[in-house]
Amino acid sequence: MELLELKGLKVTFPTEAGPVRAVDSVDLKLKAKEKLGLIGETGSGKSVLAHAILRLLQSDALSEGEILYRGKNLVGLEKKELRRLRGRELALIPQNPSRSLNPLKKVGKQLSETLRQAGYSRKEAAVRVPELLFAVGASEPVSWAEAYPHECSGGMCERIVIAMALAFSPALLLADEPTKGLDSRNKARILALLKSLTKERALLFITHDLEAAAQICTRLAFMYAGELVELGARTKVLEHPLHPYTQGLLRACPKGGLHPIPGRSPPLFALPKGCRFQARCALAIERCRNEPPPFFDTGAGHFCRCWLCA
Ligand code: SF4
């Protein structure tokens, strides 16, 4: 059985311009201990997808389809059962860690409260706090525990929220842009940390940074304007990218020559008929303007949403 399986997942938000579908018919599977990178530009739907899995979306968002965790559908699950699963089984490393920490409480106190929710006694939590901080690379865990969030650097805050996510020993970690805004040294440290901490658990690594995902993930999935456009094993995708968007992202990396993809993704409230990438695609043909391409199975677990793969 898959650890996580998304079947036809759609997420729609009400807006003044009418309903906007931020995630459209996503099918995705994740095995226990697997590392999957979910890559896309801002607004592609990747963070919404992570929040939908954890049922952390705003109350008026509509989720349709199935989110199966160990075979149990999380869509429509009782709040009590959901609270039990969050943290213990699935945990989120949020974007903007400094904003997710309480500025008025010391780091150690916040970690201790999380551990108490996970079932640790006060005494056990007091022992576990420095252990967890040490596990995420704190050289002086006691002084980290005594610090307020505003006294911590961006890299420290990232490590602290990772420690919090690990408090319950979840089977699946969802890391939402954990390297965003970090300098190259801190980025390398966080990637190494995630790699070592997820040896025994699955990771859904959400990022706009293809090179970072390629360093720690064994499969890569690409989202564009709410849809998955390519999915496959890391080596296959990097050596033989099929979708023009993936090819463009590779050319935009330092190794590819830093050539950005021209143009912008279409607004979700005004999607074009046909392929959503057509306005930025140098390979577009007439069919691309009129018919949305399906997600073609090209073999060996490599999928691509492009008419050139038909
Ligand atoms: S379907 Fe057409 S427009 Fe879309 S990515 Fe493929 S070639 Fe480009």
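So, contacts first: 63% of the contacts in the protein chain with a separation of 6 or more join residues 24 or more positions apart. A contact here is two residues whose C-beta atoms, placed from the backbone, lie within 7 Å. Before I go on, this is a predicted model, where local features need pLDDT of at least 70, side-chain atom pairs count only at pLDDT 80 or more, and totals for chains, interfaces and linings use all residues. Residues are numbered from 1 along each chain as its sequence is written.

Next, burial. Of the 310 residues in the protein chain, 42% count as buried, meaning 20 or more other C-beta atoms, placed from the backbone, lie within 10 Å of the residue's own.

Where do those go? In general, nonpolar side chains tend to be buried together in soluble globular proteins. Here the largest nonpolar core has 86 residues, and Leu174, Leu204 and Phe205 touch the most other members. By nonpolar core I mean a set of buried Ala, Val, Leu, Ile, Met, Phe, Trp, Tyr and Cys residues joined through C-beta atoms within 7 Å. Helix H7, residues 154–166, gives the most to this core, eight residues; helices are DSSP runs of H or I, at least four residues, numbered from the N terminus.

And which residues does leucine 174 touch? Leaving out residues up to four places away in sequence, they're Ala50, Ile53, Leu54, Leu90, Leu92, Leu204 and Ile206.

Last one: along its principal axes, the C-alpha trace of the protein chain spans about 65 × 45 × 40 Å. That's me done!

How values were computed. A residue is buried if 20 or more other C-beta atoms lie within 10 Å of its own, exposed if 12 or fewer, and partly exposed in between; C-beta atoms are placed from the backbone. Helices (H or I, at least four residues) and strands (E, at least two) are DSSP runs, numbered from the N terminus.
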